[in-house]
Amino acid sequence: MKTIATLIADIYDLFHPKTKIIPKEEDLDTFCRNVRAKLVEKLSGEWSGGLRMSSIGQPCARKLWYEVNQPDKAEPSHPSLYIKFLFGDIIEQLVLFLAKTSGHTVTDEQTELVVDGVPGHTDGKLDGVPIDVKSASGYGFKKFLSGITRADDAFGYLNQIGLYNYALGNSGKSAAFIAMDKSTGEICVDEHDDLHDVDYHQLIADRKKIVSLKEPPPKGFSDEPMGASGNRMLKINCQFCSFNTTCWGGLRAFEYSNGPLYLSTVVRTPDVKEITL
């Protein structure tokens, strides 16, 4: 029986010129059915709201408060962002399909989970190991490739997969991210057995208390200097937060080659186009 340790080599071997594999009809049907469901979900724009396992572990409690209490304050996202999310969903289904086709066992796909009233669903188990499939930029992929740590976990992924792991009754055992670099097609496995130092019941209780507040809690992050210009910019968590203009107030944004940059203080105006907020 195969194990997750050989997953990457087995998937890559599918595309060797001498490899001739005919996928199982049931796996093809599952892939097509799940992609269809994701297309419908994304195009319908439905969101259930409230606390979910996918968001409860994020490092900024203030963002979570806005998501639950004032979702209308989020900045409208560019349509390309939603296409990127959809692409991520399709990549997830592709990775699971390739895992099955390469001889690995995938179970518990999209299993509904609940811990202390907070719902969520898991991507499944691969060869018995709970997994979360991530599509990543080249920069993000390098973190999974080297092993993501709590120090560089800007989006709370470890708490997310740890909560799934706990809800599946897998405490004391490992869980893993399977990440794909969406620009190169590279895949890696980032397995963790360091997820059991968190009291998930306490984490949920703390988050429930925070979202019940009448006013948002303090900012989760400070800003930081932007070189020697005297300007100050938002840290990465806030740069990508859809509530940053509401949260910070008075921001100015500038269009750099790698995307917009939000500045909290402008002493010297950057020599790039300013974006109207």
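Serine 55 counts as buried because its relative accessibility is 13%, where buried means under 20% relative accessible area, exposed over 50% and partly exposed in between, with a 1.4 Å probe and protein chains only. This serine sits in helix α3, residues 53–56. Leaving aside neighbours within four places in sequence, serine 55 is in contact with Leu64 and Glu67; contact means heavy atoms within 4.5 Å.

Some housekeeping. This is a predicted model, in which local features need pLDDT of at least 70 and side-chain atom pairs count only at pLDDT 80 or more, while totals for chains, interfaces and linings use all residues. Residues are numbered from 1 along each chain as its sequence is written, and side-chain values use heavy atoms, with hydrogens and water left out.

Now the chain as a whole. It has 10 helices and 12 strands. Helices (H or I, at least four residues) and strands (E, at least two) are DSSP runs, numbered from the N terminus. Of the 277 residues, 43% count as buried. The C-alpha trace spans about 60 × 45 × 35 Å along its principal axes.

Next, the sheet. Five strands make an open sheet in the order β1-β4-β5-β6-β7, and the pairing is mixed. Its edge strands are β1 (106–107) and β7 (187–192), each of which pairs on one side only. Two strands pair if DSSP finds at least two bridges between them. Strands β5 (residues 129–136) and β6 (residues 175–181) run parallel and are joined by 6 bridges. Alanine 136 stands opposite aspartate 181 in β6.

Which helices lie across β5, β6 and β7? One is α6, residues 138–146, running at about 150° to β6. Another is α7, residues 157–167, running at about 150° to β5. For these angles, axes are lines fitted to C-alpha atoms, for helices over the stretch in contact, and angles run from 0 to 180 degrees between N-to-C directions.

Last, a hairpin. Strand β2 (residues 112–115) pairs with β3 in the antiparallel sense over 4 bridges, and leucine 113 stands opposite glycine 120 in β3. The hairpin has 2 residues between its strands, and aspartate 116 in the turn has a positive phi of about 50°.
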